[in-house]
Amino acid sequence: MSQFYIKGGLPLKGEVEVHGAKNAVLPILAAVILNESESIIHNVPNLKDVRTMILILESMGCTIKREKNTLIVDSSSIHTNEVPEDLVREMRSSIILLGAILARHKQAKFSYPGGCDIGLRPIDLHLKSLKALGAEVKESHGYIYCKSSKLKGAHIQLDYPSVGATENIMLAASLAEGITIIRNAAKEPEIHDLQEFINEMGGKVKGAGSNTIIIEGVKKLNKVEYTIMPDRIVAGTLAVATAITQGEVVLKNAQIEHIRSVISKLVEAGCTIYEEKKNIIVKAPEKLMAIETIRTLPYPGFPTDMQAQMMALMTVAEGISIFTETIFENRYKHAAQLIRMGANIKIDGRVAIVEGVKKLTATRVSAMDLRGGAALVLAGLVAEGETIVENIYHVDRGYDRFENCLQSLGASIVRKN
Ligand SMILES: CC(=O)N[C@H]1[C@@H](OP(=O)(O)OP(=O)(O)OC[C@H]2O[C@@H](n3ccc(=O)[nH]c3=O)[C@H](O)[C@@H]2O)O[C@H](CO)[C@@H](O)[C@@H]1O
Ligand SMILES: C=C(OP(=O)(O)O)C(=O)O
């Protein structure tokens, strides 16, 4: 298993390009199933989850070519409505394929998706919504069987603005008969990217970014060329990396609008952050201050996918910060690892109290999930001595060669196999 070896204490300095968004490209790769044609997709990061999604699509009959950051996918000869179980178990977003496969093949057989162990992550909202569109859904022996001779538009009121469920409905409803209205839809920017991709194929989706999305089903979708949005969580992670190392970094190809909630917390911690010529400039303060409260919420609230990185930052800030994780019930596994590095953290259910310490000390720690792993890397960048982060395959799910990116900013980090 690969590990990162990190020598702490070097401030990050320079410019770095933010890669395409994992959480946008994955549903978009599911959407290619719908057009039975060619999709040219630019700005596709080379992540483990993207490689898994490519393997899934290839196993179904798609042909896929990668030319640098562009994927050329031909979905015209898909021959199956089943997805290999081992691949489905590798990542959570495989569930997004359900709506697309059902729309194209009228039936689908699926095992329960895997992904980061950050909570129970049920899929009841996905299944309930597909039923509302007319699908028959049976669950038996760990498999989900869905079929529908004709999907029909419906009014769907989500009990919670689930990102994945919103995407699944958008995919299934795009080829359904009639109009679907999703109320209490997720408002994440990646939902907007999916809307734009579907519309570029000739679909009729509007409202993404608000809590009501309207999809008018069409008979056929066409070939498409599209560029994936920048990854807002990668941008946020690099901003925190800059803050924790007392650095100064220019983030290129990042959208400031997408990370306002993260920026406002970093400013509270003392950072200076502004936009210049479409770049985001992040300058760390001499002394980091604690952020009183950080509460994760659906977009545009503070993202749960940034909670771990922000916790790493607060372990070395002056004062006490209080975190409340409202999205996932088991997303503090990184805390025990940070404590091994000398952090002062107390957890009580959904609340974590972090009292900043003068310094972290290097040791061997283990990534327990994607963002928690990234948080340990950030802690390693400032810890005294050499930190070894194990199980970095988690980090590879969401960061395209993270070590190269940090090295280019002056960090001492190497991957060893
Ligand atoms: C690939 C992708 O885009 N992943 C993101 C997506 O995950 P994902 O789409 O899985 O997240 P959801 O928005 O669906 O989940 C949010 C909450 O709703 C619950 N829930 C969800 C579906 C359901 O049927 N029933 C149910 O109870 C979940 O357990 C969780 O507590 O949004 C999360 C919340 O912003 C992010 O952390 C993930 O990075
Ligand atoms: C939790 C995440 O991803 P996934 O939903 O793919 O597990 C994440 O990106 O932080």
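A: **Strands, helices and ligand shells**

Thr293 stands opposite Ile322 in strand 18. The model is predicted, so local features need pLDDT of at least 70 and side-chain atom pairs count only at pLDDT 80 or more, while totals for chains, interfaces and linings use all residues. Residues are numbered from 1 along each chain as its sequence is written, and chains are lettered from A and ligands numbered from 1 in the order in which they are written.

Strands (E, at least two residues) and helices (H or I, at least four) are DSSP runs, numbered from the N terminus. Strand 17 and strand 18 (residues 320-324) run parallel and are joined by 3 bridges. Two strands pair if DSSP finds at least two bridges between them. Both belong to an open sheet of 4 strands with mixed pairing, in the order 17-18-20-19. Strand 17 (293-295) and strand 19 (344-348) each have a single partner strand, so each has one side without a neighbour in the sheet. From one strand to the next, the twist averages 15°. Axes are lines fitted to C-alpha atoms (for helices over the stretch in contact), and angles run from 0 to 180 degrees between N-to-C directions.

At the other end of the order, strand 19 pairs with strand 20 (residues 351-355) in the antiparallel sense over 5 bridges. Asp348 has Val351 of strand 20 as its bridge partner. These two strands form a hairpin with 2 residues between them, and Gly349 in the turn has a positive phi of about 60°.

A further open sheet has 4 strands in the order 21-22-1-23, again with mixed pairing. Strand 21 (364-366) and strand 23 (412-416) are its edge strands, each pairing on one side only. Here the twist averages 20° from one strand to the next. Strand 21 runs parallel to strand 22 (residues 386-390), with 3 bridges between them, and Val365 has Val389 of strand 22 as its bridge partner. Helix 12 (residues 370-382) lies across strand 1 (3-7), strand 21 and strand 22, at about 170° to strand 22.

Next come two helices. Helix 8 (residues 232-244) packs against helix 10 (residues 307-314) at an angle of about 5°, with the axes 10 Å apart. Helix 8 is therefore roughly parallel to helix 10; angles under 35 degrees count as roughly parallel, over 145 as roughly antiparallel, 65 to 115 as roughly perpendicular and the rest as oblique. Gly236, Thr237, Val240, Ala243 and Ile244 of helix 8 meet Gln309, Met310, Ala312 and Leu313 of helix 10. Residues are in contact if their C-beta atoms, placed from the backbone, lie within 7 Å. This contact has 6 nonpolar, 3 polar and no charged residues. Ala, Val, Leu, Ile, Met, Phe, Trp, Tyr, Cys and Pro count as nonpolar, Asp, Glu, Lys and Arg as charged, and the others, Gly among them, as polar.

The chain is divided into domain 1 (3-19 + 230-416) and domain 2 (22-227), with bounds from an automatic or database domain assignment. Their C-alpha centres lie 30 Å apart.

Both domains give residues to the shell around ligand 2, so ligand 2 lies between them. Among the residues around ligand 2 are Asn23, Arg92, Asp305 and Arg371. A residue is near a molecule or strand if its C-beta atom, placed from the backbone, lies within 6 Å of it. The shell around ligand 2 divides into 4 nonpolar, 4 polar and 3 charged residues.

Key: Two residues are in contact if their C-beta atoms, placed from the backbone, lie within 7 Å.
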